Amino acid sequence: MKINFTKTLIAAVAAFAAAFGVANADHHGKAKKDIVDTAVAAGDFTTLAAALEAAGLVETLKGEGPFTVFAPTDAAFAKLPEGAVENLLKPENKDQLIAVLTYHVLPGKVMSGDIAGKTLDVETVQGSTISVDATDGVKVDDASVTKADIKASNGVIHVIDAVVMP
């Protein structure tokens, strides 16, 4: 499986922001699409979508939730060492892929305002803790949040510029 990683992070963030304007909200501002559909509609999460499919996590993230997802863009996946994504997508590495993806998910809905000015370690769906530093922007382990508080019907997405590893 060959994946095209030619888009820049700036283009990814701009396209993501445009896709999330009012397209995912009803007239009351309530999100209409779930986390998966919201990310797929943005167009810069094809690697994440493929990984969720390979891991069998699509239905989980389409479930009731609520979930908080730190969503790496295609450009974030492109920063991984050559062959890493392809290796993770192999059926024999499904458990490792599930661990990586669920490390990007928190149970519950955490908006940026809930953590502003705080530094904390939060338990992920994967079971490990992830470090969140919201004292100067927001960092999640070594990734920066480039767009926060994208509402979905079953939680919230925060776009990050790197894939974080458990």
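Student: Leaving aside neighbours within four places in sequence, what is D34 in contact with?

Tutor: D34 is in contact with L61, K62, A152, S153 and N154 once those neighbours are left aside. Contact here means heavy atoms within 4.5 Å.

Student: What should I know about the model and the numbering?

Tutor: It's a predicted model: local features need pLDDT of at least 70, side-chain atom pairs count only at pLDDT 80 or more, and totals for chains, interfaces and linings use all residues. Residues are numbered from 1 along each chain as its sequence is written, and side-chain values use heavy atoms, with hydrogens and water left out.

Student: Back to D34, where is it found?

Tutor: D34 is in the loop between α1 (9–19) and α2. Helices (H or I, at least four residues) and strands (E, at least two) are DSSP runs, numbered from the N terminus.

Student: And is D34 buried or exposed?

Tutor: Buried, because its relative accessibility is 10%. The cut-offs are under 20% relative accessible area for buried, over 50% for exposed and partly exposed in between, with a 1.4 Å probe and protein chains only.

Student: How much of the protein is buried?

Tutor: Buried residues make up 42% of the 166 residues.

Student: New topic: in what order do the strands sit in the sheet?

Tutor: The seven strands form an open sheet, ordered β2-β1-β7-β6-β5-β4-β3, with mixed pairing. At the edges are β2 (105–107) and β3 (119–123), each pairing on one side only. Two strands pair if DSSP finds at least two bridges between them.

Student: How many bridges join β6 to β7?

Tutor: Five, between β6 (residues 143–152) and β7 (residues 155–160), and these strands run antiparallel. I150 stands opposite I157 in β7.

Student: Which strands does α2 lie across?

Tutor: Helix α2 (residues 35–42) lies across β1 (67–72), β6 and β7, at about 35° to β7. Axes are lines fitted to C-alpha atoms, for helices over the stretch in contact, and angles run from 0 to 180 degrees between N-to-C directions.

Student: OK, helix packing. How do α3 and α7 cross?

Tutor: The axes of α3 (residues 46–55) and α7 (residues 94–102) come within 9 Å and cross at roughly 125°. That makes α3 oblique to α7; angles under 35 degrees count as roughly parallel, over 145 as roughly antiparallel, 65 to 115 as roughly perpendicular and the rest as oblique.

Student: Which residues meet there?

Tutor: L48, A51, L52, A54 and A55 in α3 meet K94, L97, I98 and L101 in α7.
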